[in-house]
Amino acid sequence: MNRKITVLGAGGHGVEPLLEYLSNQDTKIYYIPADWGGSTGMLGRLMELNSNFFNSYFGNKYGFKSDFFLPSADLNKIIVNFSKGKKWEFEKKNIFDFRSSDPVKLLEASQFLSRLVGEDVIVDFTHDVYDYYLAHKNKIAYEKDFCIGNLWNHLLLSRDGIEGFNRFYQDLDLLPSCINLAFTHDYRQILKGSTVVGHQTIGEDVIDVFPTALDPKSLILESTGSSLNLTDNLKFELENSELVVIPNGSIANWMPLVNHYSYIFKALAEQGKLVVMGNLFYPSNELPWQNYFEYLIKLEIFPKILFPNQDWYNILQPQLLAYAKYNHIPQSIQAIKDTHQYYYDHFQDYQRSVDRQGTGPRFELDVWEKSGVKYTAKSIEKAFERLLS
């Protein structure tokens with residue numbers, strides 16, 4: 001039986017087995033339209049430099065229905081995940097993830113993609129955007145390679161909307177018919193945050209790659225539109241879902257929602273419908289998973305917590321974490337020592353690294369180096385079926 005599941009952000013590290021499970025469910029995946037780093041950031045800033053000209057020229061030529069930019073990088077990652085095989089490879093790289101600043105390579109890649117998906121307009125759009133970039137590149141703070149998938153998806157979203165985006169990829173069998181993608185807000189959101197140490201404010205253009213961990217309570221959104229309200233569709237989906245999932249991946253995909261709408265997440269957790277999949281590793285701009293669960297507890301949000309254990313899984317009850325003395329990792333980890341020895345050992349290593357340095361924690365420990373424990377579609381299916389029973 002298909003279960004109605006809402007997911008808040010998916011496209012980060014290790015999401016493939018989750019998508020494999022969701023491909024057989026009634027799934028809606030929501031994204032915060034605030035991804036403003038990397039190639040998406042460069043594209044968006046280019047478009048905002050002379051927005052009146054850009055929207056009038058490109059809008060008239062390519063049939064844009066909206067005059068604002070909704071970042072699509074995480075949506076593109078979903079398409080990359082489902083476009084497997086040699087057919088979708090261009091120079092040994094998935095065509096949707098092909099990146100270059102070479103105009104010849106970009107032209108070749110756009111021609112390759114246009115033949116595959118039957119949209120000749122991709123070639124002209126890529127050419128026009130690159131010319132626009134050459135005319136304005138001295139006005140942007142940094143440059144990144146263009147991503148062909150992001151270029152095409154921006155045109156597709158601006159022309160056909162998110163519903164048309166879903167239909168387009170479902171017709172190509174690059175998105176399962178039971179999975180629909182959506183945005184949490186109707187307007188682009190500006191993501192803001194500050195560091196744990198020193199409370200340095202970080203701009204959204206570098207927040208994804210900043211070398212120091214961000215304070216979870218500092219992650220907020222500012223709307224570029226008329227309001228910061230969630231879409232009515234998302235409110236309906238949250239209320240009527242059998243399960244709401246926060247997958248492993250960047251905290252930027254969901255923590256700002258928790259900070260703005262904690263009452264919604266508290267209610268979902270009280271109904272037993274909220275599950276958080278812990279990160280198995282984390283980049284330099286994040287803290288270990290334990291810190292975020294302790295933060296949720298401070299907000300009186302007690303979700304179910306899912307971690308893999310070889311080919312099985314552990315569902316940690318939030319009451320175990322409630323024993324934690326906030327911001328004191330060894331004692332909080334002791335609460336789950338018997339449940340998951342592997343993670344206890346990992347955070348003991350983490351604490352020793354803090355003690356050795358004396359000045360602050362080392363955030364870049366990578367648990368993949370320790371044992372290779374990972375999520376699998378089989379373990380996720382077993383865990384979710386238990387949660388839904």
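Does Lys 4 count as buried, partly exposed or exposed, and what is its relative accessibility? In this predicted model, Lys 4 has 23% relative accessibility. Buried means under 20% and exposed means over 50%, so Lys 4 counts as partly exposed.

Now look at what Lys 4 holds. Its side chain forms a salt bridge with Glu 237. The closest N and O atoms are 3.1 Å apart. Lys 4 sits in strand S1, while Glu 237 belongs to helix H8, so this pair ties together parts that lie 233 residues apart in sequence. Side chains of opposite charge can pair when their charged atoms come close.

Glu 237 has another partner. Lys 28 meets Glu 237 in a salt bridge, at 3.5 Å from N to O. Lys 28 lies in strand S2, so this pair ties helix H8 to a part 209 residues away in sequence. Both Lys 28 and Glu 237 are buried. For Glu 237 the relative accessible area is 11%, which is why it counts as buried.

Turn to helix H8 itself, residues 232–240. Its buried residues are Leu 234, Glu 237 and Leu 238. They span an arc of only 100 degrees around the axis, so they fall on the same side of H8. On the other side, Asp 232 and Glu 239 are exposed. What covers the buried residues? The cover includes strand S1 (4–8), strand S2 (26–31), strand S11 (243–246) and helix H10 (262–270).

Follow strand S2 next. S2 pairs with strand S7 in the parallel sense, over five bridges. Ile 29 has Leu 181 of S7 as its bridge partner. Strand S7 covers residues 179–183, and four of its five residues are buried, so S7 is largely enclosed by the rest of the structure.

The whole structure holds 15 of them. One joins Glu 119 and Arg 159, at 3.1 Å from N to O. This pair links distant parts of the chain, 40 residues apart. Glu 119 lies in the loop between helix H5 (103–117) and helix H6 (121–136), and Arg 159 lies in helix H7 (residues 148–171). Glu 119 has a relative accessible area of 16%, so it is buried. Arg 159 also counts as buried, because its relative accessibility is 18%.

One more group deserves a look. Arg 3, Glu 242 and Glu 385 are linked in a network of salt bridges.

Methods:
Residues are numbered from 1 along each chain as its sequence is written. This is a predicted model: local features need pLDDT of at least 70, side-chain atom pairs count only at pLDDT 80 or more; totals for chains, interfaces and linings use all residues. Side-chain values use heavy atoms; hydrogens and water are left out. Buried means under 20% relative accessible area, exposed over 50%, partly exposed in between (1.4 Å probe, protein chains only). Helices (H or I, at least four residues) and strands (E, at least two) are DSSP runs, numbered from the N terminus. The arc is that of the directions from the helix axis to the C-beta atoms. Contact means heavy atoms within 4.5 Å. Two strands pair if DSSP finds at least two bridges between them. A salt bridge is a side-chain nitrogen of Lys or Arg within 4 Å of a carboxyl oxygen of Asp or Glu.
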